[in-house]
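This report describes a single protein chain.

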Amino acid sequence: MSETSRRPLIAGNWKMNLNHLEAIALVQKLAFSLTPEQLEKVETVVLPPFVDIRSVQTLIDGDRYLIGFGAQDVSRHASGAYTGEIAASMLAKLGCTYVTVGHSERRQYHNETDEVVAAKVRAALAEGISPILCVGEPLEVREAGTHVAHTTEQLLAAVDGLSAEEVAKVVVAYEPVWAIGTGRTATPENAQEVIAALRAALRKSFGDVAESVRLLYGGSVKGSNVAEIMSQDDIDGALVGGASLNADDFTTIVRFPEHIG
Ligand SMILES: O=C[C@H](O)COP(=O)(O)O
């Protein structure tokens, strides 16, 4: 995180955890634990399962919590006969401001291709929702040393053809697949290397707007490693999985500026 105008973003991806009652309890705990100053300094967002979102919205809107919320996936289609799918317009109506797109678990278990991911990015943007576009290499790519090229290709495939104005609304999350849920994190320097390369690729294709795009790191982020990760120049936040399910763990992560000298 360098001294720029990019506001840090910590997003909690709950994945397929917590029902709507548990969601309410967790968001309440977060709101009671974090001060308005902390939430002003660090944009804090939860990404619950679809069925929790209405409850989370009602709570956050009703009590005017300074916590954002979004979804974990979106249909590439606007509406129609797509059983089980959720349209971006439905998420927008619920007040979602973010949606993760192209998470490695969707790419791996639901066969999402770069083409599908690109269509979902567009679907979200069309409804004023910022996609949190996930990219990252599997272990064999890291071991082959081609991780920068791999993640850059994923990024450019997803944003190809967007305007600079649209790109400014995209958040990119670099999540090395081998670091997700494994307790293994990329070293802060490794994460910085890839994320700086992603920003350079955006700069080459879209110009100065690249300086305002927020790039996050994800993969076993915890209270104990977040400050070191966030000290890197190009890392603007974190996409947190496991540690976002516990209010104490997540608030410790959101409070990372207190641990940066
Ligand atoms: O979306 C979040 C990532 O997949 C990271 O998950 P994790 O923090 O449990 O490793």
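## Ser 5 and the basis of the model

Ser 5 is exposed, with a relative accessible area of 74%; buried means under 20% relative accessible area, exposed over 50%, and partly exposed in between, with a 1.4 Å probe and protein chains only. The residue sits in the segment before β1 (9-13). Helices (H or I, at least four residues) and strands (E, at least two) are DSSP runs, numbered from the N terminus. Between Ser 5 and Glu 211 there are 206 residues in sequence, and their C-alpha atoms are 9.0 Å apart in space.

The model is predicted: local features need pLDDT of at least 70, side-chain atom pairs count only at pLDDT 80 or more, and totals for chains, interfaces and linings use all residues. Residues are numbered from 1 along each chain as its sequence is written, and side-chain values use heavy atoms, with hydrogens and water left out.

## The chain as a whole

The protein chain has 12 helices and 8 strands. Its C-alpha trace spans about 50 × 45 × 35 Å along the principal axes. For 261 residues, a compact globule would have a radius of gyration near 18 Å, and the 17 Å of the protein chain agrees with this. The radius is taken over C-alpha atoms, and the globule rule is 2.2 Å times the number of residues to the power 0.38.

Of the 261 residues, 52% count as buried. Contact means heavy atoms within 4.5 Å. Among contacts between residues at least 6 apart in sequence, 75% join residues at least 24 apart. The chain exposes about 11600 Å², and carbon and sulfur atoms supply 51% of that area. Accessible areas come from the Shrake-Rupley method with a 1.4 Å probe; for residues, only the protein chains shown count as cover.

There are 22 positive and 34 negative side chains, and the centres of the two sets lie 3 Å apart. Lys and Arg count as positive and Asp and Glu as negative, while His and the chain ends are not counted. The place of a charge is NZ of Lys, CZ of Arg, CG of Asp or CD of Glu.

## Helix α3 and Ser 55

Helix α3 (residues 50-63) has 14 residues, which should span 20 Å at 1.5 Å a residue; its end C-alpha atoms are 21 Å apart, which agrees. The expected span of a helix is 1.5 Å times one less than its number of residues. Asp 52, Ile 53, Ser 55, Val 56, Gln 57, Leu 59 and Ile 60 are buried in α3. An α-helix has 3.6 residues a turn, so residues three or four places apart point the same way. The buried residues of α3 pack against α1 (20-33), β2 (43-47), β3 (68-71) and α4 (88-93).

Ser 55 has a relative accessible area of 16% and is buried. Not counting residues up to four places away in sequence, Ser 55 touches His 20 and Ile 24. After α3 comes Arg 64, whose phi is positive, near 50°.

## Helix α10

Helix α10 (residues 188-206) has 19 residues and reaches 26 Å from its first C-alpha to its last, close to the 27 Å expected at 1.5 Å a residue. Its buried residues are Pro 188, Ala 191, Gln 192, Val 194, Ile 195, Leu 198, Arg 199, Ala 201, Leu 202 and Phe 206. Gly 207 follows α10 and has a positive phi, near 80°.

## The loop between β1 and α1

Most residues other than glycine have a negative phi, and most peptide bonds are trans. Lys 15 is not a glycine, yet has a positive phi of about 55°. Lys 15 lies in the loop between β1 and α1 and is partly exposed, with a relative accessible area of 21%.

Leu 18 is found in the loop between β1 and α1. Its phi is positive, at about 75°, although Leu 18 is not a glycine. At 24% relative accessibility, Leu 18 counts as partly exposed.

Ser 104 belongs to helix α5 (residues 104-109) and counts as buried at 13% relative accessibility. Leaving out residues up to four places away in sequence, Ser 104 touches Val 177 and Ile 180.

Lys 120 is in helix α6 (residues 114-126). At 4% relative accessibility, Lys 120 counts as buried. Apart from neighbours within four places in sequence, Lys 120 is in contact with Asp 73, Val 74, Ser 75, Arg 76, Val 101, Arg 106 and Glu 112. Lys 120 and Arg 6 are 114 residues apart in sequence and 24 Å apart in space, C-alpha to C-alpha.
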